[in-house]
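User: I would like to learn how to read the contact between two protein chains. Where do we begin?

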Amino acid sequence: MPKPTEHISPKPENGGKFVFGVLGLLFAVLIVGAGITMWLGGATPGGLSIGGPFSLADGDGKRVTDRDLRGKFMLVYFGYTFCPDVCPTTLNQVAEAMDRLGPRADRVQTVFITIDPKRDTSPVMKQYVASFGPRIMGLTGTEAEIAAVAKEFRVYYAPHRTGDGPNDYTMDHSSVLYLLGPDGTFISPLRADAGAEQLAADLAKLLN
Amino acid sequence: MRRLLLAALLILPVAAHAQSGIALTDAFTRAAAVGGVGGAFVTIANTGAADRLTGVASPDAEKAELHESLVDNGIMKMRPVSGIDVPAGAAVKLAPGGYHIMLMGLKHALVAGEAIQLTLTFAKAGPVTTTARILKAGASMPAGHGMDGHGMGGHDMGQMPGMSMPGMPMHDAPAK
Ligand SMILES: [Cu+2]
């Protein structure tokens with residue numbers, strides 16, 4: 001029975017060549033992949049492509065597209081209402097940061113997009129976002145619409161079963177806050193975990 | 001009026017279990033809709049022998065569980081946990097971003113300013129009940145109140161000057 005650590009000890013040349021070959025191939029794939037992604041996505045100067053066209057439903061079931069939100073900065077967060085911890089903490093930070101921005105906050109549309117559309121219907125989203133004040137727009141959609149917008153924003157999500165019942169699951173998801181410009185282009189990710197004051201200061205610098 | 005409120009706040013969040021040395025302080029939850037979920041948080045101080053939190057319940061929720069939030073490679077996850085160890089002489093803080101009490105199937109809306117009952121069951125100490133204040137949605141206890149002073153939310157409360165609430169260290173008695 002080989003020891004678990006044995007594979008990291010030096011091996012004869014063949015093994016070394018094999019590892020080099022694999023690394024080289026991986027590197028090549030990464031470079032080509034990154035190139036294709038930038039080419040397809042229309043990369044921003046930073047090389048990141050985040051955002052894109054979407055069509056979702058607001059709290060009244062009314063359609064909202066990315067075009068409808070143009071003209072304002074968009075501060076967008078992905079999460080789900082059955083999340084009792086990080087999602088509401090973040091949304092509260094966002095709401096408080098907006099309050100701190102004063103009149104400048106009117107230039108920003110804050111958007112909360114669910115990655116749990118099965119439970120987060122329009123009425124659920126409407127009630128949920130209202131608890132954080134009037135500024136946050138809650139958006140949901142079909143499974144396909146949510147999958148599409150999550151992909152555009154590079155948001156990972158997946159259900160994690162916790163029991164046998166239909167609602168016995170939690171969602172694993174990227175916890176990211178993004179700022180997009182009035183023309184829909186990506187500006188920057190933002191940290192919400194440093195507090196509302198810091199978030200407001202970071203936002204103030206970016207709202208030009 | 002404000003005096004009265006302060007006095008109430010000073011007394012409310014302390015639930016001590018005389019024989020066991022388990023004391024619960026700073027319990028809070030957040031505004032939430034009927035039928036929905038809520039997260040509740042509390043600080044558990046243990047001046048007695050090592051113990052383990054094994055269960056939670058609230059008359060205001062159909063079901064309550066112990067959960068942990070964790071970030072794994074930038075991915076936010078929430079997982080049920082079977083229990084939380086409370087070592088002898090230690091304080092364990094259930095706080096946003098870590099452990100929470102997951103309230104599911106809320107029987108009524110949780111309204112900011114009101115309170116709910118939580119019963120935590122320990123392997124040795126048995127059930128200990130405390131009152132959790134309902135803060136606004138997404139709010140946390142004010143900065144400087146807990147141990148990390150993260151400054152997360154709760155500015156509405158932070159405006160009460162000179163307030164000293166029972167918190168750390170664990171043997172603090174409610175003043176007055
Ligand atoms: Cu939970």
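Analyst: Begin with the salt bridge, which is a side-chain nitrogen of Lys or Arg within 4 Å of a carboxyl oxygen of Asp or Glu. Here A:Asp168 makes one with B:Lys63, and their closest N and O atoms are 4.0 Å apart. This is a predicted model, where local features need pLDDT of at least 70, side-chain atom pairs count only at pLDDT 80 or more, and totals for chains, interfaces and linings use all residues. Residues are numbered from 1 along each chain as its sequence is written, chains are lettered from A and ligands numbered from 1 in the order in which they are written, and side-chain values use heavy atoms, with hydrogens and water left out.

User: How many salt bridges are there between chain B and chain A?

Analyst: The count is three.

User: Which elements of chain B give two or more residues to the side that touches chain A?

Analyst: Strands are DSSP runs of E, at least two residues, numbered from the N terminus. Those elements are β3 (37–46), β5 (61–72), β6 (75–80) and β9 (99–106) of chain B. β6(B) gives the most, with six residues.

User: What does β6(B) pair with in chain A?

Analyst: Two strands pair if DSSP finds at least two bridges between them. β6(B) pairs with strand β7 (residues 169–174) of chain A, in the antiparallel sense and over two bridges. In this pairing, B:Ile75 of β6(B) stands opposite A:Ser174.

User: How many residues does each chain bring to the contact?

Analyst: Contact means heavy atoms within 4.5 Å. Chain A brings 28 residues and chain B brings 31.

Methods
Helices (H or I, at least four residues) and strands (E, at least two) are DSSP runs, numbered from the N terminus.
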